[in-house]
Amino acid sequence: MRNLLMLTAVLFVVALPVKAQSQDYPSAEVFGGYSYLNTKFLDRDSLHGWGFSLAYNLGSQWGLVSEFSGHYGNASVPGTSAKVDLKKHTFLFGPRFSARSDGATGFAHVLLGGANSKIEGIDTGTGFALAVGGGVDVNVGKKFAIRIIQVDYLPERSFGSWTQNFRAQAGVVFKFGQ
């Protein structure tokens, strides 16, 4: 957790010098791309999948985000040669702070919601989840950016215990209403 907070702080410190004086910002942003999740099912498992978010910007620095992701993989059952399919879907909502410039946007967010986990046909349940993290979008034009990295600490509470998850995402951002 401490390392993630330090990484988030570093992302903002790096983004602050490039902050422009312009008040021009998109009213909405749509992100889609690849998502990697390190989670605990049977052991520490690496799952791959997709990430999607919708952001409504209340101003140049503050916005509200709805974020969804799906992660998939398989793992060996301990003590056997059998493999089982794993799935985890998240749905998270909350505020985002952005530091914008003409060339890039650094952001941090705290999102709350849930995560649904499944082990090959067994719905292991939907529990409370949150994401604390941030990332950097590099502008390619006024309407388009590349999210070079988004990193989140993503703990989840199911069946009375916490699971510590870590997520990284990259992809494209489409901007509307500039």
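How many helices and strands are there in the protein? The protein holds one helix and ten strands, where helices (H or I, at least four residues) and strands (E, at least two) are DSSP runs, numbered from the N terminus. Read along the sequence, their pattern is α-β-β-β-β-β-β-β-β-β-β.

This is a predicted model, in which local features need pLDDT of at least 70, side-chain atom pairs count only at pLDDT 80 or more, and totals for chains, interfaces and linings use all residues. Residues are numbered from 1 along each chain as its sequence is written, and side-chain values use heavy atoms, with hydrogens and water left out.

**Confidence**

The pLDDT, the predictor's confidence in each residue from 0 to 100, has a mean of 87 for the protein, and 87% of the residues reach 70 or more.

| Element | Residues | Mean pLDDT |
|---|---|---|
| Helix H1, lowest | 2-15 | 49 |
| Strand S7, highest | 144-153 | 98 |

Over residues 7-23 pLDDT stays under 50, and the model has 25 contacts beyond four places in sequence for them; a contact means heavy atoms within 4.5 Å. Where pLDDT is low, the predicted coordinates should not be read in detail.

**Overall packing**

Of the 178 residues, 46% count as buried, that is, under 20% relative accessible area, against over 50% for exposed and in between for partly exposed (1.4 Å probe, protein chains only). Among contacts with a separation of 6 or more, 57% join residues 24 or more positions apart. The accessible surface comes to about 8800 Å², and 66% of it belongs to carbon and sulfur atoms; the areas come from the Shrake-Rupley method with a 1.4 Å probe.

**Ser 76**

Ser 76 lies in strand S3 (residues 62-76) and is partly exposed, with a relative accessible area of 41%. Leaving aside neighbours within four places in sequence, Ser 76 is in contact with Leu 42, Ala 82 and Lys 83. Asp 43 is 33 residues from Ser 76 in sequence and 9.0 Å away in space, C-alpha to C-alpha.

**The second largest pocket**

A pocket is an open set of points on a 1 Å grid over the protein atoms alone, where a 1.4 Å probe fits, with protein on both sides within 12 Å along at least five of seven lines; lining residues have an atom within 4 Å of a point. The second largest pocket has a volume of about 200 Å³, the space filled by probe spheres set on the points, which are joined across faces, edges and corners. Its lining has 13 residues, and Lys 40, Thr 124, Ser 158, Phe 159 and Thr 163 lie nearest the centre. Strands S5 (104-119), S6 (122-139), S8 (156-158) and S9 (161-163) each supply at least two lining residues, and S9 gives the most, with three.
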